[in-house]
Amino acid sequence: MSDSKKLLSEITAGDLVCANRAWMAPLTRSRAQMPGNIPRALNAEYYAQRASSGLIISEATPVCQEGHGYYATPGIHTDEQVEGWKLVTDAVHARGGKIVCQLWHVGRVSHVAFQPGGQPPVGPTDVKSQSKTYIDHSADRVENSPCRALETDEIPGVVEQFRDGAARAKAAGFDGVEIHGANSYLLDQFTRDGVNTRTDAYGGSLSKRLRFPLEVARAVCDVWGPGRVGYRISPLSEHKDVRDSDPQTTFSTLARELGAMGLSFLHAVETWDRSEADPRIKSAVPVIAGAFKDAGGGAYIANGDIDPQLGERMLADGWADAIAFGKLFISNPDLPERLAKGGPYAEWNRETFYTGTEVGYTDYPSLAESNAGV
């Protein structure tokens with residue numbers, strides 16, 4: 001039998017009442033209908049299979065065409081995409097699940113193949129991203145294109161794109177939204193002093209670097225109300241030049257501002273060595289989580305290569321309020337049921353993570369199907 005008592009207990013995060021604390025992390029799978037980046041029946045089946053999650057956070061979903069940076073990622077900026085997402089939300093709700101839409105803009109982590117008229121991607125500056133992307137179904141990695149800096153007077157327009165994405169997510173039947181402010185994408189690019197070297201009202205001091213992310217958060221809250229809005233961060237990740245000289249101060253300040261808005265949850269990618277030798281595990285993250293909750297925010301969600309045993313321990317210790325599982329949900333669509341039984345847990349196939357068909361996507365059997373020999 002399982003000892004996953006905390007993971008399987010109910011949690012309320014803002015206005016979201018979730019049946020358990022085993023949440024499904026946002027997972028880019030690049031299986032939208034092309035052209036058009038439109039969710040389809042295959043995506044609906046995939047998410048419905050995982051509806052027993054306490055809360056599904058959708059794959060990262062661009063709020064505008066400029067926000068795309070990878071092939072076949074479903075958007076939330078056209079009427080056709082909204083109709084496609086309705087297939088998904090209806091299927092999840094029919095299974096008794098809850099799902100929020102992760103609102104995304106990749107910023108400079110893109111390629112001219114995705115940009116309107118083949119224009120350069122945009123970022124806080126004109127310094128090209130050093131990471132790579134894939135621009136077709138082969139998923140072969142290519143260098144990102146040279147970018148240009150957003151003009152000061154363009155930034156309010158991007159805020160409105162997030163507002164529009166939030167409104168379209170509501171029309172598509174989602175239960176809320178999560179703002180993607182992590183993993184070296186546009187909002188993260190503006191947040192960190194390693195990449196945001198602007199000298200206008202959106203760069204330089206910490207308060208200026210946080211201005212754009214906070215304007216986005218307010219716009220999204222205007223649509224949904226803060227109790228159905230989450231925000232994702234990756235405070236300790238260091239990807240190429242997307243670094244910060246003082247992540248504890250930067251992200252605890254951001255967390256405090258988001259908490260003061262009353263957001264439903266703060267979702268952190270905790271990708272670093274969890275050993276006792278790493279002082280950040282005892283310093284930065286508790287300060288960031290505490291700043292969010294002390295200011296009036298809801299739940300703190302931990303994510304990043306966490307297995308069920310560690311997740312249960314983190315909840316018992318008060319480190320987190322829920323755990324967002326990623327790869328485990330790819331290969332175990334009925335993960336909460338497996339947690340209740342203490343496993344077994346199927347292994348995932350990394351070769352089928354991105355692009356493709358139902359293989360490695362909807363063909364992982366549930367425990368009941370496995371036992372029945374399906």
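The model is predicted. The chain carries 12 helices and 14 strands. Its radius of gyration is 19 Å, close to the 21 Å that the globule rule gives for 374 residues, so the chain is as compact as a globular protein of that length.

**Overall shape and packing**
- Along the principal axes, the C-alpha atoms fill a box of roughly 60 × 45 × 35 Å.
- Of the 374 residues in the chain, 58% are buried.
- Among contacts with a separation of 6 or more, 72% join residues 24 or more positions apart.

**Surface and charge**
- The chain has an accessible surface of about 14200 Å².
- Carbon and sulfur atoms account for 49% of that surface.
- There are 38 positive and 48 negative charges in the chain.
- The mean positions of the positive and negative charges lie 2 Å apart.

**Cysteines**
- A disulfide is a covalent bond between the sulfur atoms of two cysteines.
- The whole structure was searched, and zero disulfides were found.
- Cys101 has its closest cysteine sulfur in Cys64, 13 Å from its own sulfur, which is too far for a bond.
- The cut-off for a disulfide is a pair of cysteine sulfur atoms within 2.5 Å.
- Cys101 counts as buried, because its relative accessibility is 0%.
- For Cys221, the closest cysteine sulfur is that of Cys101, at 15 Å, again too far for a bond.
- Cys221 is buried as well, with a relative accessible area of 12%.
- Buried here means under 20% relative accessible area.

Key: Residues numbered from 1 in each chain as written. Predicted model: local features only at pLDDT ≥ 70, side-chain atom pairs only at ≥ 80, totals over all residues. Heavy atoms only, no water. Helix = DSSP H or I, 4+ residues; strand = E, 2+ residues; numbered from the N terminus. Rg over C-alpha atoms; globule rule 2.2 N^0.38 Å. Buried < 20%, exposed > 50% of the residue type's maximum accessible area, 1.4 Å probe, protein only. Contact = heavy atoms within 4.5 Å. Areas by Shrake-Rupley, 256 points an atom, 1.4 Å probe, with all protein chains shown as cover. Lys, Arg positive; Asp, Glu negative; His and termini not counted. Charge placed at Lys NZ, Arg CZ, Asp CG, Glu CD.
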